[in-house]
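Visitor: I have a model open and would like to talk it through. Can we start with how far to trust it?

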Amino acid sequence: MSSPTGSIGPKVHGSRGRRQGGGHGELIVPALEGRESKASLHRGLVGSAVGVAALYSWFAALSTPFTSRADVMTALPLIAALVAVVLFGHLRPRGTSERLASRPTGRRLWPWWAALGVVGAWELFCYFELPRFEHPTFSSLYDSASSSQPFKAVLFFGWLVLGWAIVRAYGRVRS
């Protein structure tokens with residue numbers, strides 16, 4: 001059957017899935033397949049990354065603290081975070097609207113710098129002046145808390161998640 005204006009049903013043209021009208025009275029409807037596929041791809045990538053991080057945490061928990069294997073298992077995520085920070089900082093294009101975005105100021109960052117300074121001073125004081133059994137450092141507290149492999153893997157996974165959150169926050173500020 002045909003109508004006076006051409007075909008009755010909508011025609012689909014091109015790879016974008018937009019319905020284009022062949023005559024009068026037909027609607028142009030954008031297809032949603034692109035958004036849905038991007039969302040499912042994103043969920044798949046996030047799920048895969050979480051699985052890889054959990055598996056990596058399990059193997060990192062098998063290492064003995066303060067050995068070269070433990071150092072390498074800890075250094076690899078740090079190197080990956082450094083690479084991500086460099087990519088966020090230097091390879092992202094900046095538009096005029098992005099330059100106008102709010103940047104962290106000294107007023108917003110000083111509590112974090114103060115907390116970092118207190119933690120660092122406490123670690124150094126405990127390391128140089130006191131025996132660990134009297135005033136343990138954060139490292140020795142972690143060592144005693146992570147005596148079982150599953151708990152140690154959970155702590156390492158939490159460390160990875162915290163690192164990724166810091167890198168993402170840096171990327172949002174820089175972009």
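Guide: This is a predicted model. Confidence in the protein is lowest in strand 2 (residues 18–20), with a mean pLDDT of 48, and highest in helix 2 (residues 68–90), with a mean of 87.

Visitor: What about the stretch where pLDDT is below 50, and how many contacts does it have beyond near neighbours in sequence?

Guide: That stretch covers residues 15–21, and in the model it has 21 contacts beyond near neighbours in sequence. Where pLDDT is low, the predicted coordinates should not be read in detail.

Visitor: And what is the mean pLDDT of the protein?

Guide: The mean is 74, and 65% of the residues reach 70 or more.

Visitor: Fine. In what order do the elements run from the N terminus?

Guide: The order is β-β-α-α-α-α-α-α. That comes to six helices and two strands.

Visitor: How much of the protein counts as buried?

Guide: Of its 175 residues, 13% count as buried. The protein exposes about 13500 Å², and carbon and sulfur atoms supply 68% of that area.

Visitor: Which share of the contacts between residues at least 6 apart joins residues at least 24 apart in sequence?

Guide: The share is 47%.

Visitor: Back to the surface. Which residues form the nonpolar patch?

Guide: Val72, Leu76, Ile79, Val83 and Leu87 form it, with about 430 Å² of accessible area together. One of them, Val83, lies in helix 2.

Visitor: Now the rings. How many aromatic pairs does the structure hold?

Guide: It holds three. One of them is Trp122 with Phe125, a tilted pair at 6.5 Å centre to centre, with 35° between the planes.

Visitor: Where do Trp122 and Phe125 lie?

Guide: Both are in helix 4 (residues 106–129), three residues apart, about one turn of the helix. Trp122 is partly exposed at 35% relative accessible area, and Phe125 is also partly exposed, at 42%.

Visitor: And what is the geometry of the pair formed by Phe156 and Trp159?

Guide: That pair is tilted, with 5.2 Å between the centres and 55° between the planes.

Visitor: Why are Phe156 and Trp159 separated by about one helical turn?

Guide: Because they are three residues apart in helix 6 (residues 149–174).

Visitor: Phe156 first: buried or exposed?

Guide: Phe156 is buried, because its relative accessibility is 9% and the cut-off for buried is under 20%. Trp159 is partly exposed, at 33%.

Visitor: Which residue do ring pairs link with Phe156 and Trp159 into a cluster?

Guide: Tyr56. The cluster is made up of Tyr56, Phe156 and Trp159.

Visitor: One more residue. Where is Ser63?

Guide: Ser63 sits in the loop between helix 1 (33–61) and helix 2.

Visitor: What does Ser63 touch, leaving out residues up to four places away in sequence?

Guide: Ser63 touches Arg69, Ala70 and Lys152.

Terms used: Residues are numbered from 1 along each chain as its sequence is written. This is a predicted model: local features need pLDDT of at least 70, side-chain atom pairs count only at pLDDT 80 or more; totals for chains, interfaces and linings use all residues. Side-chain values use heavy atoms; hydrogens and water are left out. pLDDT is the predictor's confidence in each residue, from 0 to 100. Helices (H or I, at least four residues) and strands (E, at least two) are DSSP runs, numbered from the N terminus. Contact means heavy atoms within 4.5 Å. Patches are made of residues with over 30% relative accessible area and no salt bridge: like charges are joined within 9 Å, nonpolar side chains (Val, Leu, Ile, Met, Phe, Trp, Tyr) within 5 Å. Accessible areas come from the Shrake-Rupley method with a 1.4 Å probe; for residues, only the protein chains shown count as cover. A salt bridge is a side-chain nitrogen of Lys or Arg within 4 Å of a carboxyl oxygen of Asp or Glu. Rings of Phe, Tyr and Trp (its six-membered ring) pair if their centres lie within 6.5 Å; planes under 30 degrees apart count as stacked, over 60 as edge-to-face and the rest as tilted. Buried means under 20% relative accessible area, exposed over 50%, partly exposed in between (1.4 Å probe, protein chains only).
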